[in-house]
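Here is a briefing on one protein chain. Take a look at the model before reading on.

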Amino acid sequence: MAERIDDFIDDDTVGINMDNNVLTIQESGGINSVTFVGLNTKPVATVTIQIKVDNSIVATPTSFVVNNENEAWEHINQQIDFSAKNGAVSTTAHVICISEDLKYNTTSTDVSIVVQPLLRTLNIP
């Protein structure tokens, strides 16, 4: 019997799919959102997604879980809301994966947040 050897190439590129990577919000104003669409490839372990941003910006939720046991990993469609506190300036939010899946444990992407400042006036009598 002939020996058969198969070579497999792992051509999966891990990554995070977002619907947008730039967001504009009003200082001390309303909420604007981006959507975490899903992961590029199926993880081999559960992936926790954390949103890290400076203290002048509020992100909701700050984390959520992508379960590797179902087929929804590429269609999570988790909305992430951002709002800016008074005095906030433009910054970057980091969307970070934490997992026992070594490929996803170091995966992240950024969302640029442009903060439009409040219109301030000075009334001099």
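I49 stands opposite F64 in strand 6. Strands here are DSSP runs of E, at least two residues long, numbered from the N terminus; helices are runs of H or I of at least four residues. Four bridges join strand 4 to strand 6, and the two run antiparallel. This is a predicted model: local features need pLDDT of at least 70, side-chain atom pairs count only at pLDDT 80 or more, and totals for chains, interfaces and linings use all residues. Residues are numbered from 1 along each chain as its sequence is written, and side-chain values use heavy atoms, with hydrogens and water left out.

**Overall build**

- The protein has nine strands and zero helices.
- Its radius of gyration, taken over C-alpha atoms, is 20 Å.
- The C-alpha trace spans about 100 × 20 × 20 Å along its principal axes.
- Buried residues, those under 20% relative accessible area (1.4 Å probe, protein chains only; exposed is over 50%, partly exposed in between), make up 32% of the 125 residues.
- Contact means heavy atoms within 4.5 Å. Among contacts between residues at least 6 apart in sequence, 67% join residues at least 24 apart.

- Five strands form an open sheet in the order 2-9-8-4-6, with mixed pairing. Two strands count as paired if DSSP finds at least two bridges between them.
- Strand 2 (22-26) and strand 6 (63-66) stand at the edges. Each has a single partner strand, so one side of each is left without a neighbour in the sheet.
- Neighbouring strands of this sheet are turned by 25° against each other on average, direction ignored. Axes are lines fitted to C-alpha atoms, for helices over the stretch in contact, and angles run from 0 to 180 degrees between N-to-C directions.
- Six bridges join strand 8 (residues 91-99) to strand 9 (residues 108-116), and these strands run antiparallel. The bridge partner of T91 in strand 9 is I113.
- In a regular strand the side chains alternate between the two faces of the sheet.

- Strand 1 and strand 3 run antiparallel and are joined by three bridges. M18 stands opposite F36 in strand 3.

**Nonpolar core**

- The largest nonpolar core has 26 residues. Such a core is a set of buried Ala, Val, Leu, Ile, Met, Phe, Trp, Tyr and Cys residues joined through side-chain atoms within 4.5 Å.
- F36, L39, I49 and F82 have the most contacts inside this core.
- Leaving aside its neighbours within four places in sequence, F82 is in contact with residues including L23, I25, I51, I57, A93 and I113.

**Salt bridge**

- A search of the whole structure finds one salt bridge, defined as a side-chain nitrogen of Lys or Arg within 4 Å of a carboxyl oxygen of Asp or Glu.
- E71 forms a salt bridge with K42, and the closest N and O atoms are 3.1 Å apart.
- The pair links distant parts of the chain, 29 residues apart. E71 is in the loop between strand 6 and strand 7 (78-84), and K42 is in the loop between strand 3 (32-39) and strand 4 (47-52).
- E71 is exposed, at 56% relative accessible area. K42 is partly exposed, at 39%.

**Backbone details**

- A cis peptide bond joins T60 and P61, with omega about 0°. P61 is found in the loop between strand 5 and strand 6.
- S28 is not a glycine, yet has a positive phi of about 55°. S28 is in the loop between strand 2 and strand 3 and is partly exposed, with a relative accessible area of 40%.
- N77, also a residue other than glycine, has a positive phi near 50°. N77 lies in the loop between strand 6 and strand 7 and counts as partly exposed at 48% relative accessibility.

Conventions. Rg over C-alpha atoms; globule rule 2.2 N^0.38 Å.
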